[in-house]
Amino acid sequence: MLYIIMVVVLQALITLTLLMSLIKNRESVLNMLLLYIGVVALDMGYEYFIIQRFGYESVLYEIPGSLRVFKGLIFLYITTHLIHAKWRDKLKYLVIPLTLVVIHHAIATSAKMLDLSWADLAIASYKSYFVYYSYYWIVCLVLCIYLLTRYRKNITHPVAGNFRYLVGYVLLGVLVFWMVYQLGWDTLIYQKIYSLLFLFQFGWILYVYILTYQHKLQEQQNISHSSAPKETYQYKDLSKIDFDSVQSAIISFYQESHIYLDEEFTLDQLSHHLKISKADLSITFNKHLHSNFHEYTNRSRIQHFKQILSEDPSASVTDLAFQCGFKSKSTFYKYFKKEFDCLPSQLVH
């Protein structure tokens with residue numbers, strides 16, 4: 001019995017660890033996709049353990065694991081990040097009730113194993129959450145599809161298109177399983193098939209992760225080349241470039257669009273949006289804007305940060321920094337110090 005309680009407690013600790021990882025990596029689409037794989041795999045593993053140890057008829061099998069409640073939040077985080085939603089960081093407040101669900105599960109299950117007098121009451125109250133779980137999961141998926149479709153013009157991340165298909169695929173599986181349950185059919189058989197369908201999700205997510213990782217490596221190589229302006233245009237006839245037009249296009253883009261707030265924004269994407277070659281852009285950045293692509297982008301992000309902070313001085317500096325496209329606090333403070341020569345708190349006052 002102690003062994004089972006240890007497994008339950010371990011599941012709770014893993015869940016809370018994943019929760020902390022979710023908070024830390026909520027601005028990275030790739031990390032969030034891997035986190036989704038981890039949540040589903042561990043949830044299925046925990047359920048499989050209960051089945052193997054106690055069988056399908058056990059009351060413990062009827063107690064859903066707490067890990068699955070994170071799936072909706074993960075998908076919402078990915079979606080709001082892809083569409084550059086300003087309110088996306090408000091989702092962090094869902095962490096508190098999810099943490100309580102995790103703790104409740106560990107207490108209720110342990111109480112049942114110890115055969116305590118209040119165990120049934122604890123389990124009944126825990127299971128009451130899951131009366132609404134299916135609705136919560138379906139609403140999250142539908143909301144994700146709506147946002148990805150409604151704001152598709154704001155999306156620049158290469159994963160976005162396929163992610164929409166993934167959400168639709170998951171939603172279809174959930175609806176079919178829900179319908180089978182409502183009709184009173186044998187859900188056990190379909191549940192096994194439903195579990196196998198996750199293999200397709202895993203395969204797609206791992207493929208996207210590898211593909212995007214390779215893309216990032218290529219971008220890093222392009223960055224190293226673009227950092228040397230002489231190599232960029234030493235063989236180019238500069239008289240053929242309309243620098244005034246290119247400079248005006250660059251400035252207008254950063255003033256009117258928020259696409260550059262995506263942490264994955266690249267010179268390739270800027271070139272695609274402006275229909276101007278990367279070489280012409282790099283030359284203009286260096287010769288006429290006295291900067292380079294990354295320097296100019298981060299300075300623009302700092303200005304956007306200043307604007308948001310002035311509208312809401314009580315906002316979290318770190319959250320706003322990530323929202324503006326910075327991948328780390330150190331990079332943010334480096335550019336902020338360079339731009340304003342003070343701390344964000346001093347700027348407000």
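Biologist: Which residues are in contact with Ser 291, leaving aside its neighbours within four places in sequence?

Modeller: They are Phe 285, Asn 286, Tyr 296 and Arg 299, where contact means heavy atoms within 4.5 Å. This is a predicted model, in which local features need pLDDT of at least 70 and side-chain atom pairs pLDDT 80 or more, while totals for chains, interfaces and linings use all residues. Residues are numbered from 1 along each chain as its sequence is written, and side-chain values use heavy atoms, without hydrogens and water.

Biologist: Why is Ser 291 called buried?

Modeller: Its relative accessible area is 8%, and buried means under 20% (exposed is over 50%, partly exposed in between; 1.4 Å probe, protein chains only); Ser 291 is therefore buried. Ser 291 lies in the loop between α12 (278-287) and α13; helices here are DSSP runs of H or I with at least four residues, and strands are runs of E with at least two, numbered from the N terminus.

Biologist: What makes the pair of Ser 291 and the backbone nitrogen of Tyr 296 a polar contact?

Modeller: A polar atom of the Ser 291 side chain lies 3.3 Å from that nitrogen. A polar contact is a pair of N or O atoms within 3.5 Å, one able to donate a hydrogen and the other to accept it within protein; residues adjacent in sequence count only if both atoms are side-chain atoms. The pair therefore meets the distance limit.

Biologist: How do you know where Val 69 sits, and why is Val 69 called buried?

Modeller: Val 69 is in the loop between α2 (29-54) and α3 (70-82). Its relative accessible area is 7%, which is why Val 69 counts as buried. Not counting residues up to four places away in sequence, Val 69 touches Leu 98, Val 101, Phe 130, Tyr 133 and Tyr 136. Its C-alpha atom is 10.0 Å from that of Ser 134, 65 residues apart along the chain.

Biologist: Which residues of α11 are buried, and what covers them?

Modeller: In α11 (residues 267-274), the buried residues are Leu 267, Gln 269, Leu 270, Ser 271 and Leu 274. Their cover includes α10, α12 and α13. Lys 275, which follows α11, has a positive phi, near 60°.

Biologist: Which residues of α10 and α13 meet?

Modeller: Ile 250, Ile 251 and Tyr 254 in α10 meet Phe 293, Tyr 296, Thr 297 and Ser 300 in α13.
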